[in-house]
Amino acid sequence: MRLLDSLLNRLPFGEAYAHCDIPCGIYDPHTAQLDALTVVRMNQLIADLGNDAESQNKLGRYMSVKETHAESCKNELRIIWADYFKPEHLEKYPDLHDLFWQAMKNASKTRQQVSLDAAEELLESVRKIAEIFWATKGSETKRQAFPSPAGGEIVYPVSN
């Protein structure tokens, strides 16, 4: 084991993160929607906190989860934006770049602030992206109530 550790420490390996630049063809905005919905829920929970020690402990955890999921949402959107969408999609949906840009800005805003309005704006922008995504694949979509304490809807493709 020491030999392996010594070898790994001498070789110029860095960490690699990808999904993926092959491209694998596996794209789905569902994770981004769940991340945005989690950001909504964390803002709801934060709004309900009191000023006692237990609430302050929960605040730290809720803030951490909110920020982690906002960043994850941005990452999921970046992958779809950069790797999936093509020039022909932009021709059909000319506001697509602006929609992604706004979603990224909304995700950043939800990291910087405790704002249920910003979280709901993020969720709505991600749902619009999901609708366009599925339309480019020839699938109709439906917005369905998501059975969670956060409420809200999630966009699903309709099976043909």
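Author: The crossing of H3 and H6 is left-handed (the near helix is turned anticlockwise from the far one by less than a right angle; clockwise would be right-handed). The two helices pack at an angle of about 30 degrees, and their axes are 12 Å apart (axes are lines fitted to C-alpha atoms over the stretch in contact, with angles from 0 to 180 degrees between N-to-C directions). H3 is therefore roughly parallel to H6 (under 35 degrees; over 145 is roughly antiparallel, 65 to 115 roughly perpendicular, the rest oblique). On the side of H3, the contact (heavy atoms within 4.5 Å) is formed by Cys73, Leu77, Ile80 and Tyr84. H6 contributes Leu122, Val126, Ile129, Phe133 and Thr136.

This is a predicted model, in which local features need pLDDT of at least 70 and side-chain atom pairs count only at pLDDT 80 or more, while totals for chains, interfaces and linings use all residues. Residues are numbered from 1 along each chain as its sequence is written, and side-chain values use heavy atoms, with hydrogens and water left out.

H6 itself comprises 21 residues and reaches 30 Å from its first C-alpha to its last, close to the 30 Å expected at 1.5 Å a residue (1.5 Å times one less than the number of residues). Its buried residues (under 20% relative accessible area with a 1.4 Å probe, protein chains only; exposed is over 50%, partly exposed in between) include Leu122, Val126, Ile129 and Phe133, each of which also belongs to the contact with H3. Ala118, Ala119, Arg127 and Trp134 are also among the buried residues of H6. The buried residues of H6 pack against H2, H3 and H5, and also against strands S1 (141–145) and S2 (153–157). Just after H6, glycine 138 adopts a positive phi of about 80 degrees.

H3 has a further partner in H2. These helices pack at an angle of about 155 degrees with their axes 8 Å apart, so H2 is roughly antiparallel to H3. Their crossing, too, is left-handed. From H2, the residues that meet H3 include Asp35, Val39, Met42 and Ile46; from H3, those that meet H2 include His69, Ser72, Cys73, Glu76 and Leu77.

Aspartate 35, which lies in H2, counts as buried because its relative accessibility is 5%. Leaving aside its neighbours within four places in sequence, aspartate 35 touches His69, Ser72, Cys73 and Glu76. Lysine 74 is 39 residues from aspartate 35 in sequence and 9.1 Å away in space, C-alpha to C-alpha.

H5 (residues 96–112) also belongs to this picture: its 17 residues should span 24 Å at 1.5 Å a residue, and its end C-alpha atoms are 24 Å apart, which agrees. Among its buried residues are Leu96, Leu99, Phe100 and Met104. The buried residues of H5 pack against H2 (30–47), H3 (53–84), H4 (87–92) and H6 (116–136).

The chain as a whole has 6 helices and 2 strands (DSSP runs numbered from the N terminus: helices are H or I of at least four residues, strands E of at least two). From the N terminus on, the order is α-α-α-α-α-α-β-β. Of the 160 residues, 34% are buried. Among contacts between residues at least 6 apart in sequence, 61% join residues at least 24 apart.
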